[in-house]
Amino acid sequence: MLHSGDTEILNFLEQIQLARNVTAGLRCYRLRTMCLHFGRWLKLTPEQMRQLIFLSYCHGLGKIGIPDAILLKPGTLSDQEWAKIREYPEVSALMCSQLPILKEFAPLVRSHQERLNGTGYPDGLTKEKIPYIVQVFQLVNVADAIISKRLHRSRNAPSGDRPYWAQAVEEITKEMQAGARDPELCEKFFRFLELYYRGGS
């Protein structure tokens, strides 16, 4: 799955992001873990699995240049702050394109915030213009962001009967209904998500 030298560059990428922001560095590891499980569940090829792993570590490189005041802001972002956030996929892709071992992943990194209905960024790509492997990564990326935030908020709250990952399903379902996500892939992800968080196989 991984090529010679991949482990060293992945460790380097992880250390860069840990040094910038511990939360971001830890998130890379979570994304890699879930991507590996979902990728195996989908029976992806070894090369597709490698792409998922590198997307986990490369997609957010461009956030290194975003001030903490914006990146960690708890409230609603202003239009100017949101514009700054929307630049990061391009910056991440540019950073990858500068290094031969990462250059092949630059187009995937650039498109990881695109949506099937053209509402994503930075290029407003639609449907088949967004690689399948990017669509797979997007589901893991969105779910992890929602689940980790909910777990953080509810750490001291009493647990209920509703699974804590159900909000991720609800949010992705809304995006699917709006035409931003592929329904067939989403349904597969929802089945996987339940197994993943309930300890299934």
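How many nonpolar, polar and charged residues are in the lining of the largest pocket?

Analyst: The model is a predicted one. By class, 17 of the residues in the lining of the largest pocket are nonpolar, 15 are polar and twelve are charged.

Rolling a probe the size of a water molecule over the atoms shows where empty space is left. The largest pocket holds about 1700 Å³ of space. It is lined by 44 residues, and the closest to its centre are R27, K63, L71, A145 and K149.

At least two residues each come from helix 1, helix 2 (22-41), helix 4 (68-71), helix 5 (79-85), helix 9 (132-153) and helix 10 (166-177). Helix 9 gives the most, with ten residues.

The largest cavity has a volume of about 60 Å³. Its lining is made up of L116, Q135, Q138, L139, A180, R181, D182, L185 and C186. Helix 9 and helix 11 (183-197) each supply at least two residues of this lining, and the largest share, three residues, comes from helix 9. By class, the lining of the largest cavity has five nonpolar, two polar and two charged residues.

Back at the pocket, helix 1 is one of the helices that supply at least two lining residues, and it also packs against another helix. Helix 1 (residues 6-20) and helix 3 (residues 46-58) meet at an angle of about 25°, and their axes are 9 Å apart. Angles under 35 degrees count as roughly parallel, so helix 1 is roughly parallel to helix 3. The crossing of helix 1 with helix 3 is left-handed.

The residues in this contact can be named from each side. Helix 1 brings D6, I9, L10, L13, E14 and Q17, while helix 3 brings R50, I53, F54, Y57 and C58. Seven of the residues in the contact of helix 1 with helix 3 are nonpolar, one is polar and three are charged.

To put the two spaces side by side: the largest pocket has about 1700 Å³ of space, and the largest cavity has about 60 Å³. Helix 9 gives the most to the lining of the pocket, and the largest share of the lining of the cavity also comes from helix 9.

Note on methods:
Residues are numbered from 1 along each chain as its sequence is written. This is a predicted model: local features need pLDDT of at least 70, side-chain atom pairs count only at pLDDT 80 or more; totals for chains, interfaces and linings use all residues. Side-chain values use heavy atoms; hydrogens and water are left out. Axes are lines fitted to C-alpha atoms, for helices over the stretch in contact, and angles run from 0 to 180 degrees between N-to-C directions. Helices (H or I, at least four residues) and strands (E, at least two) are DSSP runs, numbered from the N terminus. Angles under 35 degrees count as roughly parallel, over 145 as roughly antiparallel, 65 to 115 as roughly perpendicular and the rest as oblique. A crossing is left-handed if the near helix is turned anticlockwise from the far one by less than a right angle, and right-handed if clockwise. Contact means heavy atoms within 4.5 Å. Ala, Val, Leu, Ile, Met, Phe, Trp, Tyr, Cys and Pro count as nonpolar, Asp, Glu, Lys and Arg as charged, and the others, Gly among them, as polar. On a 1 Å grid over the protein atoms alone, a cavity is a set of points where a 1.4 Å probe fits but cannot get out, and a pocket is an open set with protein on both sides within 12 Å along at least five of seven lines; lining residues have an atom within 4 Å of a point. Grid points are joined across faces, edges and corners, and a volume is the space filled by probe spheres set on the points.
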